[in-house]
Amino acid sequence: MEVLRRDCSKTWKYYYDWPIVYTRYVQYIFARYQANNCIFSPIHFDVKMNTIDSREFNEPINLLIDTYGSPPFGTLLGTNPSPSTLINFGGEKEQHWLTLHQTGNWREHENYWYLTDIFHATPACPAINGEPYYSGYPESAMRIDENGNTVTELGTLTADSPEDHYNCRSGYYGSVLSGAYGGVLAGFEGCWGANIEEGARYHIWDTMTFPVSYQVRYVRDFLLSEGTRYQELIPCADLVTPNKAGDPYGYRGWAFASATPERDLIMGYMEKDCPRTALRGLRPYERFLFSWFDPCNGTFQEETELCVNCVGMIPLPACPKDQDWAFKLKKILEPYRIDASEHPKTCWEEYVKQKAGDGTCDE
């Protein structure tokens, strides 16, 4: 529940008794709705345009906490940012009101990293991606022009387009595995504006049957497939190599991963057009159960046993078909064994051989 959008903020600060006038306004709204099951947001800061600076909001919101205390019933306090709450409002030395971190408005996979940045910040807070790619939205895609400037351009995808669905699933799985273990808020054109007008491209009731509106729930099934063990995960995309083969300002060719500290559970996702990949940084000769997860229908494929090679890598099998895929590896618990055999090859030849393999265990 957002109390104000940023483009009204200058009037509040420059013409009224700032900061207390804003503090009291926020408290009034929160007091009216404090028993509702929602997330409280003291400001909608989607872009720095026609607004005071994001950090200027810390003064009245910190005062809110100091004067009235935190929201009751454990209600989380966060906000829509650009690009992240940590960047916009700072850490514990600048604000003490955020209990939920969030990213938003910057949607391409280049920006999922902000969730990893949040994960490693202190104090620890749950995090979500509040605005991943919106299905059916005439997306203004970002790119770098010939002068090195970041510019936007209008897209043409529709809610029925497979390319649209790839973009959405990149936002869902890429965000979660980058640190959004609190989840994602799936947005849809026609829904975010509650469109009911006759000339609207999509109406709010149309979004209930968008194809990805059914697929987003599979993110939960994937993440919770090992119960509460997802709470142990640490985001680390660099466990997968290569992991950035596509355009930074897009949704193709990148890979993401999270693993437990012991790396006995690894969960990952590869966007469409991602090249053949391998996992690295593992203990040589250990064995894992590997399975693909289809984000289109929420089903796991049959498990395969894979072995870590002598350089700590597992070359992953080829994808079952040409689309995006999630995957999971669980270490087989057994006494550690060492392969004492030698390979009469140079280090480079052995590296190429191992990386080109399929990871299948040789018994």
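## Burial, salt bridges and helix packing in a predicted chain

Of the 363 residues of the chain, 48% count as buried, where buried means under 20% relative accessible area, exposed over 50% and partly exposed in between, with a 1.4 Å probe and protein chains only. The model is a predicted one, in which local features need pLDDT of at least 70 and side-chain atom pairs count only at pLDDT 80 or more, whereas totals for chains, interfaces and linings use all residues. Residues are numbered from 1 along each chain as its sequence is written, and side-chain values use heavy atoms, with hydrogens and water left out.

The chain has 9 helices and 14 strands, these being DSSP runs numbered from the N terminus (helices H or I, at least four residues; strands E, at least two). Its radius of gyration is 23 Å, close to the 21 Å that the globule rule gives for 363 residues, so the chain is as compact as a globular protein of that length; the radius is taken over C-alpha atoms, and the rule is 2.2 Å times the number of residues to the power 0.38. Along its principal axes the C-alpha trace spans about 80 × 45 × 45 Å. Among contacts (heavy atoms within 4.5 Å) between residues at least 6 apart in sequence, 68% join residues at least 24 apart. The accessible surface of the chain, from the Shrake-Rupley method with a 1.4 Å probe, comes to about 17600 Å², and 52% of this area belongs to carbon and sulfur atoms.

Side chains of opposite charge can pair when their charged atoms come close. The structure holds 22 salt bridges, each defined as a side-chain nitrogen of Lys or Arg within 4 Å of a carboxyl oxygen of Asp or Glu. Three of these pairs are listed here.

| Salt bridge | N to O distance |
|---|---|
| Arg6 and Asp7 | 3.8 Å |
| Glu131 and Arg107 | 3.9 Å |
| Lys272 and Asp322 | 3.6 Å |

Glu131 and Arg107 form a salt bridge with their closest N and O atoms 3.9 Å apart. This pair links distant parts of the chain, with Glu131 in the loop between β2 (127-129) and β3 (140-144) and Arg107, 24 residues away, in the loop between β1 (101-103) and α5 (113-119). Both Glu131 and Arg107 are buried.

In the salt bridge of Lys272 with Asp322, the closest N and O atoms are 3.6 Å apart. The two residues are 50 apart and again join distant parts of the chain, Lys272 lying in the loop between β8 (265-270) and β9 (278-279), and Asp322 in the loop between β13 (314-315) and β14 (325-331). Lys272 is buried, with a relative accessible area of 13%, whereas Asp322 is exposed at 58%.

In helix α3 (residues 58-68), the buried residues include Asn58, Pro60, Ile61, Asn62, Leu64 and Ile65. The buried residues of α3 pack against α2 (20-33) and α4 (85-89), and the helix is followed by Gly69, whose phi is positive, near 85°.

Glu163 is found in helix α6 (residues 162-177) and counts as partly exposed, at 34% relative accessibility. Leaving aside neighbours within four places in sequence, Glu163 is in contact with Leu157 and Arg252. The C-alpha atoms of Glu163 and Ser135, which are 28 residues apart along the chain, are separated by 10.0 Å.
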